[in-house]
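Open the model in your viewer and keep the selection tool at hand. Each stop below says what to select and what is there.

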Amino acid sequence: MTHHINHTPAVDACGVSFRVEAATLLDRVDVRADRGQFVGLIGPNGAGKSTLLRAISNVLSYQDGAVSLHGADLKSLPARKVAEILALVPQIAPYTQGFTTFELVLMGRYPHLGRFQAEGRADDQIARDAMRLTETEAFSNRTIETLSGGERQRVFLARAVAQQPQVLLLDEPTSNLDVLHQLKILTLVRRLVDEGLTAIAAIHDLNLAARFCDQLVLLAGGRVVTDGPPREVLTPETIEAAFGVKSAIYREPVTGALAVSLIGPADQSPAEVEVFGGTTPALTVDVRAGRSSEATSAVC
Amino acid sequence: MPSLRGYRQMGVTARLGIGLSILLVLVLAVGLVSLSLGPVDIPASHVAWIALSALGFDVPEFGRTEQLVIDQIRLPRIVVGAAVGMALGVAGATMQGLFRNPMADPGIIGVSAGGALGAVVAIASGLTGLFFLALPVFAFVGAMSAAMLVYGIAVVGGHFSMATLLLAGVAVNAFLGAIVSAIIIVLPDNAALREILFWLAGGLDSRSWEHVRIAGPLILGSAAVLLLLARDLNLLMLGDDEARSMGVRVGATRVVMLLAASLATGAAVAVSGTIAFVGLVVPHILRLMLGPDNRVLIPMSALGGAVFVILADTVARTVIQPAEFRVGILTAFVGAPFFILLLIKNKRQVYSL
């Protein structure tokens with residue numbers, strides 16, 4: 001078998017627009033994730049992060065633009081084929097009472113099973129491995145309604161892992177998690193990405209996004225404000241433009257990761273903002289010029 | 001109700017194998033007991049001999065009358081009862097899953113009310129006297145027309161949702177029920193009136209192999225379709241987006257399941273009238289015991305419904321001999337208190353779906 005590096009991006013969304021009634025939730029959005037990349041979607045509430053993930057996962061039907069998955073047009077692929085390649089972990093995972101953790105994780109095998117086929121030992125093993133990775137095996141036999149929000153979120157990640165996707169979409173995967181599990185889950189996704197998975201995650205926490213992602217896409221009002229590596233995307237200017245918050249960017253001395261310190265709302269006068277320690281924490285501010293819009297407007 | 005913890009941890013094939021074996025034995029046992037009971041007392045041993053001879057075994061002599069009673073009266077009645085119970089159980093489990101609503105029953109999209117109107121029209125117009133199959137045919141046509149009407153109402157606005165479907169079902173049920181009441185009130189013929197009331201209470205009296213031939217294939221076919229889609233229903237119960245992102249063709253799957261459940265219910269209503277409560281209660285009891293996995297729940301509800309209806313009908317036709325109760329009265333009269341007891345005694349809550 002000849003081995004060649006495939007340069008087709010894993011996910012390539014191009015000019016995607018989605019409107020509901022009068023509201024434009026996505027306005028000509030371009031997002032690209034190469035294979036083996038961890039792309040973070042950041043932006044304020046209502047920026048379109050979840051909507052974009054739902055468009056890429058074929059759950060909602062966008063009106064304009066195109067999404068290609070491993071080079072194939074998403075809308076031309078059968079739903080089952082898409083599910084073989086791509087898994088989505090929703091932000092608020094709906095559930096039905098009574099299903100056990102194991103039963104739910106095993107459902108991740110659905111796209112890989114034939115109509116007349118029941119799950120075999122191999123599928124059981126894949127589900128158990130996924131539960132081990134996400135540390136959910138302790139409540140394997142508990143029903144879903146008895147779990148806490150964070151535990152439940154990990155169960156749905158386990159199901160997505162059991163789906164064995166090449167592309168993993170995560171909508172706020174850490175929103176309900178304690179700090180330990182925030183780190184563990186993102187470390188797990190990072191590890192899977194290093195092993196070849198492509199991940200796109202909407203992440204609220206800018207510091208976590210900066211620390212774990214290869215690329216960031218900053219969205220606001222359904223549009224891409226800027227995209228690129230974290231150090232280029234996260235600048236006081238872009239953060240103020242997208243979130244309306246004054247910030248300082250610096251290298252976190254312990255982890256060495258890029259860190260964002262949120263000082264206060266931009267419309268507030270500096271006198272109202274209390275900065276502890278006398279000086280602003282922006283001693284080592286890594287301010288870069290806002291990126292030119294070349295990348296986002298490139299032909300795709 | 002035992003939660004059967006060990007059972008829940010087995011694979012789906014093992015769970016199905018064990019569960020179906022137990023229920024199959026129950027169906028046969030209840031069926032044999034039912035065959036031996038009635039105005040003509042047939043000892044269980046004779047029933048066994050007759051059964052064996054039908055299978056080609058060489059057996060001792062037994063009464064010609066006994067064989068006739070079994071072949072032409074009791075057996076078809078039991079088979080119709082089993083088919084009806086199967087249809088109601090399967091359709092009930094499906095509708096509860098599709099609507100994610102514990103109150104959903106097989107008639108939720110108008111099938112029972114439509115069937116009732118069809119039957120009432122057939123009886124009131126006197127067609128039943130002219131044409132033996134007028135009643136089941138009218139009931140079936142009424143049932144399916146009502147289901148189509150409800151579905152059509154939900155689709156026409158362009159914003160199809162299960163909530164719209166549910167509410168359209170409630171409205172159409174109320175509307176058709178009003179027409180049935182109006183016909184009953186203005187009907188001058190007392191005999192017809194009595195026939196209508198009998199039909200509305202559900203019954204399996206004097207059911208023949210003809211009824212088996214009408215309803216059987218429809219019910220078996222629909223049940224098979226629903227069984228094949230049981231795994232998709234599991235995913236649909238998690239929500240549309242979830243199901244879609246896992247590769248389920250949400251819209252098509254739902255339409256096929258609604259259609260199959262309505263066909264099964266329509267066929268059951270056509271040959272038995274409206275038998276209350278079976279489709280609601282059987283899936284709930286089994287879900288409490290076996291969990292919500294539809295791949296187990298749907299086939300088990302089929303057999304559970306069959307056991308329930310055969311049992312209820314046996315009691316209905318023997319308890320006040322020589323007169324008969326209606327099976328639909330029995331299922332609700334016995335089933336409802338049993339279910340209430342279960343709700344009170346059950347430590348875990350009933351799944352809210």
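Start by selecting Asp73(A): leaving aside its neighbours within four places in sequence, Asp73(A) is in contact with Ala66(A) and Ser68(A). Two residues are in contact if their C-beta atoms, placed from the backbone, lie within 7 Å. Before going on, note that this is a predicted model, in which local features need pLDDT of at least 70 and side-chain atom pairs count only at pLDDT 80 or more, while totals for chains, interfaces and linings use all residues. Residues are numbered from 1 along each chain as its sequence is written, and chains are lettered from A and ligands numbered from 1 in the order in which they are written.

**Stop 1: around Asp73(A)**

Is Asp73(A) buried or exposed? Asp73(A) counts as exposed, because 10 C-beta neighbours lie inside 10 Å. A residue is buried if 20 or more other C-beta atoms lie within 10 Å of its own, exposed if 12 or fewer, and partly exposed in between, with C-beta atoms placed from the backbone. Asp73(A) belongs to strand S5 (residues 72-73) of chain A. Helices (H or I, at least four residues) and strands (E, at least two) are DSSP runs, numbered from the N terminus.

**Stop 2**

Two strands pair if DSSP finds at least two bridges between them.

Go through the pairs in turn:

- S1(A) and S2(A) are antiparallel and share 7 bridges; the partner of Ala13(A) in S2(A) is Val31(A).
- Strand S1 (residues 11-20) and strand S4 (residues 64-69) of chain A are antiparallel, over 5 bridges; here Ala13(A) stands opposite Val67(A) in S4(A).
- S4(A) and S5(A) are antiparallel, over 2 bridges; Leu69(A) has Ala72(A) in S5(A) as its bridge partner.

S4(A) and S5(A) form a hairpin with 2 residues between them, and His70(A) in the turn has a positive phi of about 50°.

**Stop 2: strand S7 of chain A**

Select strand S7 (residues 167-171) of chain A. 5 of its 5 residues are buried, so S7 is largely enclosed by the rest of the structure. In a regular strand the side chains alternate between the two faces of the sheet. Here Val167(A), Leu169(A) and Asp171(A) point one way, and Leu168(A) and Leu170(A) the other way.

What pairs with S7(A)? Strand S6 (residues 86-89) of chain A runs parallel to S7(A), joined by 4 bridges, with Val89(A) partnered by Leu170(A). Strand S8 (residues 198-202) of chain A also runs parallel to S7(A), joined by 5 bridges, with Leu168(A) partnered by Ala199(A).

**Stop 3**

Apart from neighbours within four places in sequence, Ala267(B) is in contact with Ala87(B), Phe140(B), Ala215(B), Leu218(B) and Ile219(B).

**Stop 4: Gly115(B)**

Finish in helix H5 (residues 111-124) of chain B, where Gly115(B) is found. Gly115(B) is buried, with 33 other C-beta atoms within 10 Å. Not counting residues up to four places away in sequence, Gly115(B) touches several residues, among them Ala139(B), Gly142(B) and Thr274(B). The C-alpha atoms of Gly115(B) and Ala147(B) are separated by 9.8 Å, and the two residues are 32 residues apart along the chain.
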